[in-house]
Amino acid sequence: MLSLKVLIVVGTVVASSSLLAQTETKKESSGKGKVEKPVDISEVVEIQAPSTAATKSVDEADEAITNRLLRASSGSLSRWSGNFNINYNGGSVGKPLAAQRPNINEGADSLTLQYMNANVGFRYRLNALNSLTVATGVFMTTPFNTTIKTNDPDLKDEFKKTRGVLTANDPNLIYTNLMNFNGYQFVNTITPTLITNSQQRHQGYRASGDVSVTMMKVVNKSNLSLGLALEWTGYAFDKTIGNSQKLATNVWQSYPIAEYIINDWLNLRTLVGWPVYQQTREMKPNNYTQRIMYQSFGTGISVTRDIFLYPNIQFIPADIRADRTNIGLSAYINTF
């Protein structure tokens with residue numbers, strides 16, 4: 001009797017083990033008599049991992065350029081896109097709506113009347129890091145003024161002939177190149193321009209060429225970035241009017257820059273115009289004068305990756321006064 005009980009217990013254990021082994025295996029295929037093998041969890045993970053990584057891919061342009069202003073001003077990530085650039089350059093802090101815009105740094109190519117312009121551009125990405133943009137827009141001098149208070153006869157004449165005149169704003173072609181070397185972000189541009197705005201046309205300007213290099217670098221993974229912009233602008237004239245011999249033909253510019261990120265949509269930005277050298281039409285080819293050092297300070301507002309607003313002021317650090325501090329607003333908007 002004991003032997004029979006032992007046999008029953010052993011048989012039950014063997015049958016249970018066989019049933020458990022079958023439930024913990026999977027068929028290698030649906031064919032008959034195929035050998036079964038245990039499920040490998042790592043295989044499932046390996047199959048799913050690529051699809052997860054693919055959803056987190058970043059465009060090469062955004063890998064190269066992380067600075068918010070440089071991204072927005074360089075255009076969207078689409079092959080074809082449109083962009084809008086709106087600028088308002090008003091009077092001084094003391095008289096923000098005054099017709100005259102103080103020439104605080106004595107720039108020979110500075111626009112000395114309040115003005116607004118709105119440009120629209122059509123952009124084509126040659127590849128991830130290079131693009132071409134064709135742009136133009138509208139320009140208006142002193143849109144909010146009917147009179148001007150000044151003792152300068154040339155400025156009075158300019159105001160009289162250009163006030164409230166709506167003109168095409170400087171059609172141009174912009175080549176943009178993006179680069180990143182060891183965390184140093186570069187935006188390089190070449191811009192030939194046909195000058196059509198009323199204020200500069202009245203002074204005799206006809207065309208300009210501009211080459212710029214802007215570099216930014218995040219400091220030790222912090223919220224602080226430092227950089228430098230270098231720029232050359234050359235002008236061509238088709239007539240001489242009034243004191244236009246004192247206007248600039250060549251300007252060599254250097255702008256140290258500092259930015260600090262406050263949060264996902266707000267940052268502070270300042271740049272210093274120093275040193276900046278200019279050559280006027282009446283100067284000999286090898287003669288230049290240095291402009292007064294000025295500083296700009298503004299708040300960057302990142303509405304989205306492709307919409308960036310920048311209200312700012314410009315002043316002379318060595319002589320800070322309300323009547324020598326100008327105001328401005330720039331907006332960069334990229335579409336589709």
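Guide: Welcome! Let's start with residue classes: Ala, Val, Leu, Ile, Met, Phe, Trp, Tyr, Cys and Pro count as nonpolar, Asp, Glu, Lys and Arg as charged, and the others, Gly among them, as polar. The residues lining the second largest cavity divide into six nonpolar, six polar and five charged. This is a predicted model, in which local features need pLDDT of at least 70 and side-chain atom pairs pLDDT 80 or more, while totals for chains, interfaces and linings use all residues. Residues are numbered from 1 along each chain as its sequence is written, and side-chain values use heavy atoms, leaving out hydrogens and water.

Visitor: What makes a space a cavity and not a pocket?

Guide: On a 1 Å grid over the protein atoms alone, a cavity is a set of points where a 1.4 Å probe fits but cannot get out, whereas a pocket is an open set with protein on both sides within 12 Å along at least five of seven lines. Lining residues have an atom within 4 Å of a point. Points are joined across faces, edges and corners, and the volume is the space filled by probe spheres set on them. The structure holds two cavities of 30 Å³ or more.

Visitor: Why are Y115 and F139 called a stacked pair?

Guide: Rings of Phe, Tyr and Trp (its six-membered ring) pair if their centres lie within 6.5 Å; planes under 30 degrees apart count as stacked, over 60 as edge-to-face and the rest as tilted. Y115 and F139 are 5.3 Å centre to centre with 20 degrees between the planes, so they are stacked. They lie 24 residues apart, Y115 in strand β4 and F139 in strand β5; helices (H or I, at least four residues) and strands (E, at least two) are DSSP runs, numbered from the N terminus.

Visitor: How do you know whether Y115 is buried or exposed?

Guide: Buried means under 20% relative accessible area, exposed over 50% and partly exposed in between (1.4 Å probe, protein chains only). Y115 has 13% relative accessibility, so it counts as buried. F139, at 1%, is therefore buried too.

Visitor: What makes R281 a charge over the ring of F237?

Guide: The rule asks for NZ of Lys or CZ of Arg within 6 Å of the ring centre and within 35 degrees of the ring normal. The charged end of R281 sits over the ring of F237, 4.1 Å from its centre. K217 lies over the face of Y184, at 5.5 Å from the ring centre.

Visitor: Why is the contact of D157 with K161 called a salt bridge?

Guide: A salt bridge is a side-chain nitrogen of Lys or Arg within 4 Å of a carboxyl oxygen of Asp or Glu. The closest N and O atoms of D157 and K161 are 3.7 Å apart, so the pair qualifies. Both belong to helix α5, and because they are four residues apart, about one helical turn separates them. At 29% relative accessibility D157 counts as partly exposed, whereas K161, at 52%, counts as exposed.

Visitor: How many salt bridges does a search of the whole structure find?

Guide: The search finds 12. One of them joins R201 and D238, whose closest N and O atoms are 3.2 Å apart. R201, at 18% relative accessibility, counts as buried, while D238, at 41%, is partly exposed.
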